[in-house]
Amino acid sequence: MKCNERSENIIFEAEDESEIPNNFSLVTSIKKLNLGIPQSEIQKLDQNLFKINIDNKIYLFRIIEGKIVEEKIKGLSEEIINILREYNELSLKEIVDILYHKTNSSRDNIRKEIYFLKDIGVIEIKNGKVLLNNNSWLKR
């Protein structure tokens, strides 16, 4: 791979350190590589949706046309987050009831979205209460 001094590259599935140029923005590998830099695990959540935890902050991103693009939370997920910011914590039943009347979404769809947000680390469910995860980027 040829790069000029201003190039930054995304390297997928590197087999060893010799495949990685000096300037890179992202390297993926199933192997443990010794790069002398902090490393984070990326989890694939969906077809082109990924999660990474950097310095105890959770970020979602997609790769679009070779560029890393941060994924913004919107729609029903954004409504759930806004309700939790307002009330701090609610029971699962309370948040489903509030959003059912506010958004006209089905209760099942609201529950699925709550569990999706839990799976990606944005919210937590503790002792029957739904609350924002202190380690997510939402607390910045």
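Reader: In which order do the 3 strands S7, S8 and S9 form their open sheet?

Author: Strands of a sheet pair through backbone hydrogen bonds, in a parallel or an antiparallel manner. In this predicted model, the open sheet of 3 strands runs S7-S9-S8 with antiparallel pairing. Strands are DSSP runs of E of at least two residues, helices are runs of H or I of at least four, and both are numbered from the N terminus; two strands pair if DSSP finds at least two bridges between them. The edge strands are S7 (89-91) and S8 (123-126), each pairing on one side only. On average, neighbouring strands of this sheet are turned by 30 degrees against each other, direction ignored. Axes are lines fitted to C-alpha atoms, for helices over the stretch in contact, with angles from 0 to 180 degrees between N-to-C directions.

Reader: Which residue of S9 is the bridge partner of Glu124?

Author: S8 and S9 pair in the antiparallel sense over 4 bridges, and Glu124 has Leu131 in S9 as its bridge partner. Helix H3 (residues 107-119) packs on this sheet and touches S8 and S9, contact being heavy atoms within 4.5 Å. The direction of H3 makes about 105 degrees with that of S8.

Reader: Is Asn133 buried or exposed?

Author: Asn133 lies in the segment after strand S9 (129-132). Its relative accessibility is 10%, so Asn133 counts as buried; buried means under 20% relative accessible area, computed with a 1.4 Å probe on protein chains only. A polar atom of the Asn133 side chain lies 2.7 Å from the backbone oxygen of Gly121.

Reader: What is the strand order in the open sheet of 4 strands?

Author: The order is S3-S4-S5-S6, with antiparallel pairing. Strand S3 (42-46) and S6 stand at the edges with a single partner strand each, so one side of each is left without a neighbour in the sheet. Here neighbouring strands are turned by 40 degrees against each other on average, direction ignored.

Reader: Over how many bridges do S4 and S5 pair, and which residue of S5 stands opposite Asn53?

Author: Strand S4 (residues 49-54) pairs with S5 in the antiparallel sense over 5 bridges, and Asn53 stands opposite Ile58. S5 (residues 57-64) also pairs with S6 (residues 67-70), antiparallel over 4 bridges, where Ile64 faces Lys67. The hairpin of S5 and S6 has 2 residues between the strands, and Glu65 there takes a positive phi near 50 degrees.

Reader: Which conventions apply to the numbering and the values?

Author: Residues are numbered from 1 along each chain as its sequence is written, and side-chain values use heavy atoms, leaving out hydrogens and water. Because the model is predicted, local features need pLDDT of at least 70 and side-chain atom pairs count only at pLDDT 80 or more, whereas totals for chains, interfaces and linings use all residues.

Notes. Buried means under 20% relative accessible area, exposed over 50%, partly exposed in between (1.4 Å probe, protein chains only). A polar contact is a pair of N or O atoms within 3.5 Å; within protein, one must be able to donate a hydrogen and the other to accept it, and residues adjacent in sequence count only if both atoms are side-chain atoms.
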